[in-house]
Amino acid sequence: MRCAAIIPAAGSGTRFGSDTPKQFLPLGDRPLIAHTVGRFHRFSGVERIVVCVSAAHLATMQAIVDRFRWGNVKIVRGGESRQESVLRGAESLSRAGLGDDAVVAAHDAVRPFVSSELFEHLLAALDDADGAIPATTPTDTIHRIFNGLVVETPDRSLLAAAQTPQCFRLGALRSALERAIEQGWPATDEAAAVARCGGKVRVVEGDPRNIKITRPSDFEAAARELANWSDE
Ligand code: CTP
Ligand code: MG
């Protein structure tokens, strides 16, 4: 089974609010994104990694790839939305010769604590599905609101807070993202697009350590978590 990763890293980090996008800020001895890419670089079976960055950060990302001498990491320009960034990464993998049945994992640049165990679980879950994603059951009660008023309160056990890596066959991912963009579907992850196209996306137990760095307080949590991870 051929396998590759797409790391969307073209966001500007509006909620984080720093001048330098959060994925390029230092975490320990290297930029945050270098931890994330480094993990996939060490996962066995991942033959290629595509990192999608904005035009302004192509050189910054190239310097990181050079520093770590990652021969199988390709940099492409991301898009206006996360969907477009991931689609550009997927197109680049097709151009590199990966077939529609290759497995691709789309993973946030800002989730540096992804374990090989979680990745293996996801690959195993893809066996009888079109996609596999990690998710946790929300601990807070989630309401649907309108104009600041509670409209409905879905049963929490029917809700899943999605993480990444989100794994799919390359062909299914590409066609779902193309359709999502064409039709203007709002989607903050790939699973939404694939499921809306009729794909079966299996949910596996997410990892609470696999945090996404969204706001400055998440960065502080990441600095603490870093001590538990080795880069060997
Ligand atoms: N991303 C991307 N291309 C975009 C938007 C987002 O590649 N046009 C990436 C981000 O760089 C990040 C991941 O998608 O690695 C998850 O997004 P998020 O945490 O929302 O990051 P930002 O979009 O940068 O932050 P914000 O939503 O606060 O602006
Ligand atoms: Mg965003």
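Predicted model: local features only at pLDDT ≥ 70, side-chain atom pairs only at ≥ 80, totals over all residues.
Thanks for coming, everyone. Some ground rules before we start: local features need pLDDT of at least 70, side-chain atom pairs count only at pLDDT 80 or more, and totals for chains, interfaces and linings use all residues. Residues are numbered from 1 along each chain as its sequence is written, chains are lettered from A and ligands numbered from 1 in the order in which they are written, and side-chain values use heavy atoms, with hydrogens and water left out.

Let's begin with helices. Helices (H or I, at least four residues) and strands (E, at least two) are DSSP runs, numbered from the N terminus. How far apart are the axes of helix H1 and helix H2? For H1 (residues 32–42) and H2 (residues 58–68) the axes are 11 Å apart, and the packing angle is about 55°. Axes here are lines fitted to C-alpha atoms, for helices over the stretch in contact, and angles run from 0 to 180 degrees between N-to-C directions. That makes H1 oblique to H2; angles under 35 degrees count as roughly parallel, over 145 as roughly antiparallel, 65 to 115 as roughly perpendicular and the rest as oblique. Ile33, Ala34 and Val37 of H1 meet Met61, Ile64 and Phe68 of H2, where contact means heavy atoms within 4.5 Å.

Now the second pair. The axes of H3 (residues 82–95) and H5 (residues 170–183) come within 10 Å and cross at roughly 140°. H3 and H5 are therefore oblique to each other. On the H3 side the contact includes Val86, Leu87 and Ala90, and on the H5 side Leu173, Leu177 and Ile181 are among the residues involved.

On to single residues. Is threonine 214 buried or exposed? Threonine 214 has 9% relative accessibility and counts as buried (under 20% relative accessible area is buried, over 50% exposed, in between partly exposed, with a 1.4 Å probe and protein chains only). You will find threonine 214 in the loop between strand E12 (201–205) and H7. Leaving aside neighbours within four places in sequence, threonine 214 is in contact with Arg15, Phe16 and Lys22.

Finally, serine 230 sits in the segment after helix H7 (216–225). Serine 230 is partly exposed, at a relative accessible area of 48%. Not counting residues up to four places away in sequence, serine 230 touches Arg39 and Arg42. From serine 230 to proline 134 is 96 residues in sequence and 22 Å in space, C-alpha to C-alpha.
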